[in-house]
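Trainee: I am new to this structure and would like a close look at a single part. Could you take me through the salt bridges, step by step?

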Amino acid sequence: PGQLLQLDWTYAKELGVTIQGQLLDHLFCHCVLPYSDWQWATRCVSESFLSLVGGLQAAFRQLGKCPQHLGTDNSSAATHELEAMPGRARGFNSDYLELCTHYDLTPLTINISCPHEHGDVESQNRHLKRRLQQHLSLRGSRDFASLEEYDRFVERIVRAANAKRQKALAEELACMRPLPPGEVAERS
């Protein structure tokens with residue numbers, strides 16, 4: 001408990017959400033604690049370092065604490081190809097390492113082309129979108145007046161899912177460290 005947070009992006013255009021009639025092409029930066037399956041999803045437009053920082057810090061604001069390790073895939077937001085070994089190992093980007101240093105996180109990645117190694121967040125990506133699809137159907141409309149209204153809708157669904165995970169989350173939080181003062185500036 002409390003050792004690892006996995007971060008991944010999942011495409012959400014398939015939800016068919018519209019804002020004032022315009023199709024919303026978006027992703028979620030999705031953070032998951034594998035032990036409890038607690039999760040947080042932040043809407044974004046790309047798999048960028050900016051969305052990584054925004055999504056991670058949004059999750060940490062919800063938790064109020066941080067784990068020891070941060071797991072990602074080999075996204076270019078976190079890693080880059082090493083010149084000495086093209087097509088093989090990847091190194092961490094300096095901005096990503098600064099982010100990890102600020103939160104005293106040990107960065108971890110999966111092996112290249114091995115998404116099953118990131119199984120908890122990959123599985124929760126599917127569950128998140130299924131849950132949102134169901135709630136959109138119950139809502140009777142996929143159209144929202146604003147991005148903020150849609151964000152509140154997603155937040156409400158994620159909070160409801162997390163409500164069932166409070167006992168295991170309490171175990172995780174007991175093992176986690178306090179957040180450092182301040183946040184990292186969101187820069188691209």
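Mentor: Happy to! Let us begin with a term for how open a residue is: buried means under 20% relative accessible area, exposed means over 50%, and partly exposed lies in between, with a 1.4 Å probe and protein chains only. Please keep in mind that this is a predicted model, in which local features need pLDDT of at least 70 and side-chain atom pairs count only at pLDDT 80 or more, while totals for chains, interfaces and linings use all residues. Residues are numbered from 1 along each chain as its sequence is written, and side-chain values use heavy atoms, with hydrogens and water left out.

Now to the pairs themselves. Side chains of opposite charge can pair when their charged atoms come close. Here, a salt bridge is a side-chain nitrogen of Lys or Arg within 4 Å of a carboxyl oxygen of Asp or Glu. Searching the whole structure turns up six salt bridges. Helices (H or I, at least four residues) and strands (E, at least two) are DSSP runs, numbered from the N terminus.

Start with arginine 177, which is partly exposed at a relative accessible area of 24%. Its side chain forms a salt bridge with that of aspartate 104, at 3.9 Å from N to O. Arginine 177 sits in strand β12 (residues 177-178) and aspartate 104 in the loop between α2 (94-102) and β10 (106-109), so this pair ties together parts that are 73 residues apart in sequence. Aspartate 104 counts as exposed, with 51% relative accessibility.

Next, find aspartate 151 and arginine 43, whose side chains meet in a salt bridge at 2.7 Å, N to O. This pair links distant parts of the chain, 108 residues apart: aspartate 151 belongs to helix α4 (residues 147-163) and arginine 43 to strand β5 (residues 38-44). Aspartate 151 is partly exposed at 28% relative accessibility, and arginine 43 is partly exposed too, with a relative accessible area of 23%.

Stay on helix α4 for another pair. Glutamate 155 and arginine 159 both lie in this helix, four residues apart, about one turn of the helix. Their side chains meet in a salt bridge at 3.1 Å, N to O. Glutamate 155 has a relative accessible area of 32%, which means that it is partly exposed; arginine 159, at 39% relative accessibility, is also partly exposed.
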